[in-house]
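Here is a friendly tour of one protein chain, written for someone who likes to know the cut-offs behind each term. Have a look at the model first, then read on.

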Amino acid sequence: MWWTLTLESGEGLSFLFVDDEGTRMHAFVDNFYHGKKFKGLLQEGQWKMITGFKVLIVEKEIRMTKERKEIALTIETQVDDAEPFHGFIPLDLIPFQDVQNGMVHGGTSYTRDFLGVIDSVQDLGVIEDDSIPRNRHNNDPKTTTMINFVLQDNDGYHLRCRVKGPLANWFKRYWLIYGESGTIICLLTNWRVVGRDGAIQVEDAGDVSTFEYDPDGRDKVEHFTNVLLEYDEMSDQ
């Protein structure tokens, strides 16, 4: 769940819904004044039954999820508690080689997941970011915090990543506490591919994106066992 602010539609409230099969749907409150209601009814990590919503077709190619539909929560929408699901929800993990080979196109239409070992981190500090919206009467600089980092997968392929804004501040804090202290596996959830040949291949997609250091659950990191052993052997040497 995250608050949004755009030049076109002003303030808003968005959600990313996930079912027990891993299917993701973008949802939003169709009227900002109803935002507080749904913020109270819907909490992250809780299972809910939602009825009485609208389904809209997403015309834009660059969208939040694979589905070309999104949910509009209206004044008629009802939210009830649902039976919790305790199973493992599948991720949409993309092999790094697919990004490099162009099998996942630059500017991919929806966000994806990535898992790798942190190879390097570069703190760029506060720099100008032309992607930040600004009204035509405002000449203040469009600046944000920015960090570049590189992930390595089990086959030795690298992925050049960038995180910006508030998420970059959290990433830096985690890196300052845990960085250089051993092998760190990092899970990126809902990040966007922006290219394959440039300086950056993957970047966060705003407030919907998350990262997790050493994610819980052997299902997520089982195929990284070999790379962990390799790093441990190198450390012993």
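## Contacts, cores and strands

Among contacts in this chain between residues at least 6 apart in sequence, 62% join residues at least 24 apart; a contact here means heavy atoms within 4.5 Å. This is a predicted model, in which local features need pLDDT of at least 70 and side-chain atom pairs count only at pLDDT 80 or more, while totals for chains, interfaces and linings use all residues. Residues are numbered from 1 along each chain as its sequence is written, and side-chain values use heavy atoms, with hydrogens and water left out.

The chain has five helices and 13 strands, taken as DSSP runs (H or I, at least four residues, for helices; E, at least two, for strands) and numbered from the N terminus. Of its 237 residues, 38% count as buried. Buried means under 20% relative accessible area, exposed means over 50%, and partly exposed lies in between (1.4 Å probe, protein chains only). The accessible surface, from the Shrake-Rupley method with a 1.4 Å probe and, for residues, only the protein chains shown as cover, comes to about 14200 Å², and 49% of that belongs to carbon and sulfur atoms.

Now to the inside. A nonpolar core is a set of buried Ala, Val, Leu, Ile, Met, Phe, Trp, Tyr and Cys residues joined through side-chain atoms within 4.5 Å. The largest one has 24 residues, and F114, L151, F171, L188 and W191 have the most contacts inside it. Among the elements that each supply at least two residues to this core are β8 (112-128), β9 (143-152), α3 (165-178) and β11 (185-193). A second, separate core of twelve residues includes F15, L42, I50 and I71.

| Strand pair | Sense | Bridges |
|---|---|---|
| β8 and β9 | antiparallel | ten bridges |
| β8 and β11 | antiparallel | five bridges |

Finally, G198 sits in the loop between β11 and β12 (202-204) and is partly exposed at 37% relative accessible area. Its C-alpha atom is separated by 8.9 Å from that of R160, 38 residues apart along the chain.

Key
Pairing = 2+ DSSP bridges.
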